[in-house]
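The following exercises are to be worked through with the sequence and the coordinates at hand. Each one gives a task, followed by a solution in steps.

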Amino acid sequence: MSDKNPTDILRKEHDIVLKILDSLEKNLQAKNINQAKKSMILLKKEFNRHSLNKEEQVLFPEIEKFMPRDGGPTGMMIIEHKDLTESIKIFENEKDINNLIEIGNHIINLLREHIDKENNMLFMMADMHLDNNQKKIILKKFKEIDLKKK
Ligand SMILES: [Fe+2]
């Protein structure tokens, strides 16, 4: 057994994302748009590194060796990643406070549910089915992503 499990790393990163979402929610409730924009910059950075790189480029292809993308959970997660990517872009370009609150809340709700599904469904399947060699490959690629993005 490898000493580290890829999904443990991703779960820890989910906790970081959830904390950013809590800050964003508070910023929006206080109508502090400057601070909300700053929270969104942090969120986007973490989302791109974690969801678009580590999950979509590394973990999901290994899961798809035993579960098809189309109609399966990785396909569903990718659809939600696309929604989140587009929503973050809209938020970045939006200036109207009410629109910012609306799109911000959409991101907060969708991403919280999304993380819950990954933690409690997708990662459990991954833990059950990924073999040690796959885990080793995933961990190596995760390290490369972390080195690149610093
Ligand atoms: Fe995730």
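**Exercise 1.** Determine the handedness with which helix 2 passes helix 3, and describe how the two axes are oriented.

*Solution.* In this predicted model, helix 2 passes helix 3 in a crossing that is left-handed. For the orientation, take the axis of helix 2, which covers residues 33–63, and that of helix 3: they come within 11 Å and cross at roughly 160 degrees. Angles over 145 degrees count as roughly antiparallel, and helix 2 is therefore roughly antiparallel to helix 3.

The next step is to list the residues that make this contact. Helix 2 contributes M40, K44, F47, S51, L52, E56, F60 and I63, while helix 3 contributes T74, I78, H81, L84, I88, F91 and E92. Sorted by class, the contact of helix 2 with helix 3 comprises nine nonpolar, three polar and three charged residues.

**Exercise 2.** Carry out the analysis for helix 3 and helix 4, and state how their axes are oriented.

*Solution.* Begin with the geometry: the axes of helix 3 (residues 73–93) and helix 4 (residues 97–129) come within 10 Å, with a crossing angle of roughly 155 degrees. Helix 3 and helix 4 are therefore roughly antiparallel to each other, and their crossing is left-handed.

Turning to the residues, the helix 3 side of the contact is made by P73, M77, E80, D83, L84, S87, I88, I90 and F91, and the helix 4 side includes L100, I103, G104, H106, I107, L110 and L111, as well as H114, E118, M121, L122 and M125. By class, the contact of helix 3 with helix 4 has 14 nonpolar, four polar and three charged residues.

A comparison of the two lists shows that L84, I88 and F91 of helix 3 take part in the contact with helix 2 and also in the contact with helix 4.

Technical notes. Residues are numbered from 1 along each chain as its sequence is written. This is a predicted model: local features need pLDDT of at least 70, side-chain atom pairs count only at pLDDT 80 or more; totals for chains, interfaces and linings use all residues. Axes are lines fitted to C-alpha atoms, for helices over the stretch in contact, and angles run from 0 to 180 degrees between N-to-C directions. Helices (H or I, at least four residues) and strands (E, at least two) are DSSP runs, numbered from the N terminus. Angles under 35 degrees count as roughly parallel, over 145 as roughly antiparallel, 65 to 115 as roughly perpendicular and the rest as oblique. A crossing is left-handed if the near helix is turned anticlockwise from the far one by less than a right angle, and right-handed if clockwise. Two residues are in contact if their C-beta atoms, placed from the backbone, lie within 7 Å. Ala, Val, Leu, Ile, Met, Phe, Trp, Tyr, Cys and Pro count as nonpolar, Asp, Glu, Lys and Arg as charged, and the others, Gly among them, as polar.
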